[in-house]
Amino acid sequence: MTKITLTTKEFDQLPKQCVKIVLTEDKPDWHRLVETKDGRLEYRMGAGKRKDMTVRKYRTLVRSIVMAAKSHKLTHIALQLGPMGCPKLEEKGSKWYYRTLAEQLQLATYEFTTYKSKKSDYALKEIMICGIKKAADKQAFKTGLITGEAVNYTRDVANTSGEDMAPSQLAEAAKKAVSGTKAKVKVLDHKKIKQLKMGLLDAVGKGAKDKPRLIIIEYFGAAKKSAPVALIGKGITYDSGGLNVKPTGAMHDMHMDMSGGAAVIGTMRAIAKLGLKKNVVALIPAAENSISADCMRAGDIATSMSGQTVEILHTDAEGRLVLADAMTYAEKYYQPKAMIDVATLTGASLVALGQKTSAVLTKSKSLQDKLVEIGEDTGDLMWPLPLWDEYKSSLKSTRADIANIAVNFARWGGCIEGGTFLSFFAPKKTPWAHIDMAPRMESAAGDKLVKGATGEPVKTLLRYIETS
Ligand code: BES
Ligand code: MN
Ligand code: ZN
């Protein structure tokens with residue numbers, strides 16, 4: 001773990017082992033490690049022209065500083081980054097600037113070593129930040145550190161193998177995430193799920209050894225009577241595809257199919273640690289989509305908690321099933337003022353958008369605009385796809401009310417199809433948005449992040465709650 005500290009010392013007063021990072025206006029891939037006259041090391045790095053700096057480039061720049069330090073095996077580095085006379089950063093204000101700095105430093109220092117048998121003998125031990133003077137900026141920096149830590153917690157949960165992160169273990173991870181805070185965790189077990197007639201969550205989870213759970217995290221930081229926001233995260237702890245089993249190459253990373261659930265857990269961790277004066281409830285329908293004598297079959301019909309019957313035409317379209325029941329539960333027991341679900345729902349979202357942005361689908365123009373705008377602000381990018389009633393007819397089932405995939409097995413617009421299925425279970429009056437985060441489940445080339453889970457969209461959900 002890298003220590004990230006604020007210091008009031010000037011650069012030259014820092015211990016000699018500290019390598020000073022100096023940004024130049026050279027091209028972004030230019031760098032040089034030099035020894036200065038007083039025998040200190042200085043790492044000079046191109047950041048491009050100041051007038052060309054954007055918030056997107058700034059986030060990547062912060063991460064590449066850390067990545068460069070790691071590749072040169074530097075153990076202590078020091079940075080002094082003001083808005084550096086970059087007009088576009090100055091526009092955002094210093095609080096944004098320092099919060100983002102802290103968040104991005106946290107993201108870049110992250111490593112997942114749980115399963116490595118040998119500990120590496122090198123570690124980036126400390127990053128010292130000089131020159132932050134105003135109390136408000138220091139506060140913003142601390143908020144950023146807490147946010148970044150919650151993102152990394154999310155990544156740890158998502159990176160853990162399916163064997164070690166079954167539904168009951170995901171429930172434990174949720175408890176650990178908010179332990180020592182005001183947030184409360186309730187876990188509904190399989191028996192309770194059946195009692196509540198959550199037939200879709202039951203169908204998906206019943207075939208596994210570790211039975212399904214509905215994990216609920218409540219956080220009431222405002223007056224009890226004000227309606228909460230509901231955050232719902234897909235918690236498929238392993239997605240084999242079920243009897244419609246996934247092929248080789250599409251299954252091995254499905255331990256991350258609870259990334260939406262992990263993100264919601266991480267968001268609650270940050271909310272609770274920051275003590276936000278907001279009411280938020282998180283719901284994570286957790287299940288393993290497994291294969292056994294007890295598992296659901298293609299062609300089975302299950303009754304959802306909403307009463308609508310669903311023909312399960314494809315056992316690999318399981319995420320929408322568990323989310324549907326969680327959405328019904330959220331509406332019935334919490335009457336939220338807004339609902340956002342986050343899920344690694346479809347491979348089709350990757351076909352549509354590539355690996356750089358999540359998809360957002362909603363009928364609420366203001367919620368859409370807000371999420372896209374916040375995404376731009378935090379770096380968890382969001383891009384809209386339509387959620388139109390015209391798409392509903394393809395899901396009309398012959399034997400039941402609706403089918404979980406297009407009844408003609410066409411694969412067109414799979415991401416929209418997933419959102420459309422969920423819309424049958426969405427609250428009628430409450431604004432609701434569906435985020436398909438499959439594109440951001442894993443980091444991609446150019447992200448300047450280690451391989452594996454990204455921990456998105458924790459930063460965006462958190463900012464949404466802060467401004468809701
Ligand atoms: N978890 C997958 C979607 C996914 C794929 C997430 C790749 C991240 C990376 C989801 O449960 C799934 O299997 N979806 C199917 C839906 C299809 C059967 C309609 C898909 O995308 O193929
Ligand atoms: Mn699936
Ligand atoms: Zn899945």
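A crossing of two helices is left-handed if the near helix is turned anticlockwise from the far one by less than a right angle, and right-handed if it is turned clockwise. Helices (H or I, at least four residues) and strands (E, at least two) are DSSP runs, numbered from the N terminus.

The structure is a predicted model, in which local features need pLDDT of at least 70, side-chain atom pairs count only at pLDDT 80 or more, and totals for chains, interfaces and linings use all residues. Residues are numbered from 1 along each chain as its sequence is written, while chains are lettered from A and ligands numbered from 1 in the order in which they are written.

**Stop 1: two helix pairs**

Select helix α11 (residues 365-378) and helix α13 (residues 458-466), which pack at an angle of about 120 degrees with their axes 9 Å apart. Axes are lines fitted to C-alpha atoms, for helices over the stretch in contact, and angles run from 0 to 180 degrees between N-to-C directions. Angles under 35 degrees count as roughly parallel, over 145 as roughly antiparallel, 65 to 115 as roughly perpendicular and the rest as oblique; α11 and α13 are therefore oblique to each other. In passing α13, α11 makes a right-handed crossing. On the α11 side the contact is made by K370, L371, I374, G375, D377 and T378, and on the α13 side by K459, T460, R463 and Y464. Two residues are in contact if their C-beta atoms, placed from the backbone, lie within 7 Å. By class, the residues of this contact of α11 with α13 are three nonpolar, three polar and four charged. Ala, Val, Leu, Ile, Met, Phe, Trp, Tyr, Cys and Pro count as nonpolar, Asp, Glu, Lys and Arg as charged, and the others, Gly among them, as polar.

Next select helix α9 (residues 319-334) and helix α12 (residues 414-423), whose packing angle is about 30 degrees, with the axes 9 Å apart. These helices, α9 and α12, are therefore roughly parallel to each other. The crossing of α9 and α12 is right-handed. R320, L323, A324 and M327 of α9 meet G418, F421 and L422 of α12 in the contact, which comprises five nonpolar residues, one polar and one charged.

**Stop 2: a cis peptide bond**

Select E456 and P457, which are joined by a cis peptide bond with omega of about -5 degrees. P457 lies in the loop between β18 (432-436) and α13.

**Stop 3: the six-stranded sheet**

Colour the open sheet of six strands, whose order is β1-β6-β5-β2-β4-β3 with mixed pairing. Strands β1 (3-7) and β3 (31-35) stand at the edges with a single partner strand each, so one side of each has no neighbour in the sheet. The twist averages 25 degrees from one strand to the next. Two strands pair if DSSP finds at least two bridges between them. β1 and strand β6 (residues 126-130) run parallel and are joined by five bridges; T7 stands opposite C130 in β6. Helix α1 (residues 55-71) lies across β2 (19-24), β3, β4 (41-46) and β5 (76-79), and runs at about 135 degrees to β4. In the loop between α1 and β5 lies K73. Phi of K73 is near 55 degrees, a positive value in a residue other than glycine.

**Stop 4: ligand 1**

Finally, show ligand 1 with the 15 residues around it, of which D316, T344, T346, G347 and A438 come nearest. A residue is near a molecule or strand if its C-beta atom, placed from the backbone, lies within 6 Å of it. The shell around ligand 1 has five nonpolar, six polar and four charged residues.
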